[in-house]
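Take a look at the sequence and the fold below. This short report starts at a single residue and then widens out.

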Amino acid sequence: MTKVFCVRIPASTANLGPGFDALGLALELYNYIEVTVGGGTGRPSIAVQGEGAEELPRGEDNLVYQALAYAFRRRSLLPPELHLRLVNNIPLARGLGSSAAAIVGGLLAAQELLPVPFSPEELLDLACELEGHPDNVSAALLGGLVISCAGPEGKNHYLKTRLPESLRLVVAIPELKLSTQEARRVLPDLLPRRDAVFNLGRTALLTASLLTNNLSALAFALEDRLHQPYRSPLIPGMEEVFAGAREAGALGVALSGSGPSIIAFAQDHLPEIGAAMVNAFARHGIRARFVSTKPAWQGAETLPQLR
């Protein structure tokens, strides 16, 4: 008997400036996976629409299928014949959690098919094993703002919380790809103590600012010395984009994940902030577009059909 269902997974932004590998925020920008079981061909097939349609693999090496198969292997099972239709709105290699969305989507599809599903904690641990760090996958799976850290033996500890209802986000997405691996290679192995203290204080201030709805502190709290200064040379015009967003009314600005997308936190003036960021990129010869969105409280979920 053919079974059809859909998985919806939000985009995510990680780090939020100083919270390197610890803070993740789900965004109301979604990928969809339509899953059909059966068909008689004996092999999986994958169709891709939207972002990545020209470059993502259509077979068992697709990351969505790899995550699904990984979950089945952990139960010592083989996946059934599957046909997946990926409808992607999250840009690839732009710092918006496209790989996390693929991993979480594949795992959630497996949850729907396995005779014994994983607990939420087990599912998060599987996602972290595949992604290598918890920030994006935690936000994509759980929704909201997720503060996470790894404990002994790979156990992940997290706290999910809501954000102020008035908070909006403007994401400038340049036509420039930057892989997480490349963006991590430029980071130093050691930091001066003053920079570590700088980031600790701002991470604490940032989380307190968001939890108490005191958004006036964001301009200061989003500053970072751990990763953004080292990644700036990889993203032409980054500092000018930051400055343009602030001048147009942003409360604060940060790299989205490892970049190259840049995310501005705001309550109003969203079109003006987006245009200022796009124009700053253009002055450095880089085409860009912007998306206005808001935090997604609901994480990845299974739906009866694509919507």
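## A buried asparagine

Setting aside neighbours within four places in sequence, N62 touches I46, L56, P57 and L86. Keep in mind that this is a predicted model.

Where does N62 sit? Its place is the loop between β3 (45–50) and α1 (63–74). Is N62 buried or exposed? The relative accessible area of N62 is 2%. The cut-off for buried is under 20%, so N62 counts as buried. The side chain of N62 also reaches the backbone nitrogen of V64, at 2.9 Å.

## Helix α6: length and faces

Helix α6 covers residues 193–211, which makes 19 residues. How far apart should its ends be? At 1.5 Å a residue, the helix should span 27 Å. The expected span uses one less than the number of residues.

Which residues of α6 are buried? They are D195, F198, N199, R202, L206, T207, S209 and L210. Viewed down the axis of α6, these buried residues fall within an arc of 155°, so they line one face of the helix. The other side of α6 has exposed residues: R193, R194, V197 and L200.

What does the buried face pack against? The buried residues of α6 pack against β2 (23–37), β5 (145–150) and α7 (218–221).

## After the helix: N213

α6 is followed by N213. N213 lies in the loop between α6 and α7. Its phi is positive, about 60°, although N213 is not a glycine.

How exposed is N213? Its relative accessible area is 47%. Partly exposed residues fall between the buried limit of 20% and the exposed limit of 50%, so N213 is partly exposed.

## Two other loop details

L16 is found in the loop between β1 (3–14) and β2. Phi of L16 is near 50°, a positive value in a residue other than glycine. Is L16 buried or exposed? L16 is buried, with a relative accessible area of 2%.

P260 belongs to the loop between β8 (252–255) and β9 (262–266). Look at the peptide bond from G259 to P260: what form does it take? That bond is cis, with omega near 5°.

## The whole chain

Now step back. How many helices and strands does the protein chain have? There are 10 helices and 11 strands. The radius of gyration of the chain is 19 Å, close to the 19 Å that the globule rule gives for 307 residues, so the chain is as compact as a globular protein of that length. Along its principal axes, the C-alpha trace spans about 60 × 40 × 35 Å.

How much of the chain is buried? Of the 307 residues, 54% count as buried. The protein chain exposes about 13400 Å². Carbon and sulfur atoms supply 53% of that area.

Take the contacts between residues at least 6 apart in sequence: 74% of them join residues at least 24 apart.

Notes
Residues numbered from 1 in each chain as written. Predicted model: local features only at pLDDT ≥ 70, side-chain atom pairs only at ≥ 80, totals over all residues. Heavy atoms only, no water. Helix = DSSP H or I, 4+ residues; strand = E, 2+ residues; numbered from the N terminus. Buried < 20%, exposed > 50% of the residue type's maximum accessible area, 1.4 Å probe, protein only. Arc of directions from axis to C-beta. Contact = heavy atoms within 4.5 Å. Polar contact = N/O pair within 3.5 Å; in protein donor to acceptor, adjacent residues only side chain to side chain. Rg over C-alpha atoms; globule rule 2.2 N^0.38 Å. Areas by Shrake-Rupley, 256 points an atom, 1.4 Å probe, with all protein chains shown as cover.
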